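Please look over the sequence and the model shown here before reading on. The briefing that follows takes up a pocket, a strand and a helix residue in turn.

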Amino acid sequence: MTKLNPGRVTRDDVARVAGTSVAVVSYVINNGPRPVAKQTRQRVLDAIASTGYRPNGVAQALASGKTRTYGLIVPNIANAFIASFAHALQQEALDNGLVILLGDSGDCRKRELNLINSLLSQRVDGLFYTSVDRHPHIDLIQASGTPFVMLDRVDPALRVNMLRVDERAAARQVAAHLLSHGYREAGIICGPLAMLNAQDRLNGWRDALVEHGLDEQAEWVVSANYTRQGGYDATQQLLANGRPPRALFCSNEAQAIGCIRALSEHGLKVPEQVALVCFNGTEEAAFHSPSLTTVSQPVNAMAKAAIAMLLSWDGEVKLQEFSHRLVIGESCGCAAASPARA
């Protein structure tokens, strides 16, 4: 039996066990650049298995200039939609032999900046990025020369890779569906107004009002964080102003859940007293009681496109748009199928 060196197993050890050269071991591990005879290749693979050898990722990165690692920066992983997107992105990365390093900025712009600097210092091959607000740190990433994809809408004049859904059109559609039930008193819990996506969803709701000949009532427009607490507090504010609107658009799923809790504390049922719809629903929307009428984004397709965009990065700016989907639940006043049948 070949005696191995104590400590970390090296390619020299694998070569001795396989009875071949270190160069041949490298050819097998890297699948080239020279071919290796089938029997020799198998001896090397058996030696790798018996010695427990693991390639040195740092050394490979130095040799190839690639770490096979990407960074993902999100505002808050507690957001169900962001979590579902991150999960889809990680699965797609694993399918491509890649590693995703997650950076959760906790809705803090300073922490977001620190995360970007940390990931760039680790020489990631690229970044997937959703910013806390409408002023992302794009100049810093561009200065590093690191490819990146924005996972949310930013100013097109910035000329960056971007995946997006037409959130204004999507918001208009789900709000119009709500109003198609004949409700005349309509309000909205929107996101923080400094965020472009909050503005898109608010404007989409306004488009639906115009489409149905309704006027906007200022007391029924409340801005809140994209959280359950945000939806809860905004609903309490609506109720404190007097009576709530008969129809309510919540700008994300978390806000809708918080809203329903606040309404229930005041003895108001959804949709009997207050009908509502929401944006960015996840699979959880179908299991809520009542089930939520929502707009969903194709996170799996978007994750696949995001990975492909960076893997094929050639310096050209790319923009890819995706279609949203209206998912009918019970919260708007419709009768919906159970989750098992949906």
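In this predicted model, the lining of the largest pocket draws at least two residues from each of β1 (69-74), α5 (80-95), β5, α9 (196-211) and α11 (253-265). Among these elements, α5 supplies the largest share of that lining, with 5 residues.

**The largest pocket**
- The space in the largest pocket comes to about 720 Å³, and 39 residues line it, with N76, N79, I82, Y226 and N252 lying nearest its centre.
- Sorted by class, the lining of the largest pocket consists of 19 nonpolar, 11 polar and 9 charged residues.

- Strand β5 (residues 161-165) is largely enclosed by the rest of the structure, because 5 of its 5 residues are buried.
- In a regular strand, side chains alternate between the two faces of the sheet.
- Strand β4 (residues 148-150) pairs with β5 in the parallel sense over 2 bridges, and M150 stands opposite M162 in β5.
- Strand β11 (residues 319-322) also runs parallel to β5 and is joined to it by 4 bridges, with F322 in β11 as the bridge partner of V165.

**Residue T51**
- T51 lies in helix α3 (residues 38-51), and T51 counts as buried because its relative accessibility is 13%, where the cut-off for buried is under 20%.
- A polar atom of the T51 side chain lies 3.3 Å from the backbone oxygen of I48.

Terms used. Residues numbered from 1 in each chain as written. Predicted model: local features only at pLDDT ≥ 70, side-chain atom pairs only at ≥ 80, totals over all residues. Heavy atoms only, no water. Buried < 20%, exposed > 50% of the residue type's maximum accessible area, 1.4 Å probe, protein only. Pairing = 2+ DSSP bridges. Polar contact = N/O pair within 3.5 Å; in protein donor to acceptor, adjacent residues only side chain to side chain. 1 Å grid on protein atoms, 1.4 Å probe; cavity = no way out; pocket = protein on both sides within 12 Å on 5 of 7 lines; lining within 4 Å. Points joined across faces, edges and corners; volume = space filled by probe spheres on them. Nonpolar A, V, L, I, M, F, W, Y, C, P; charged D, E, K, R; others polar.
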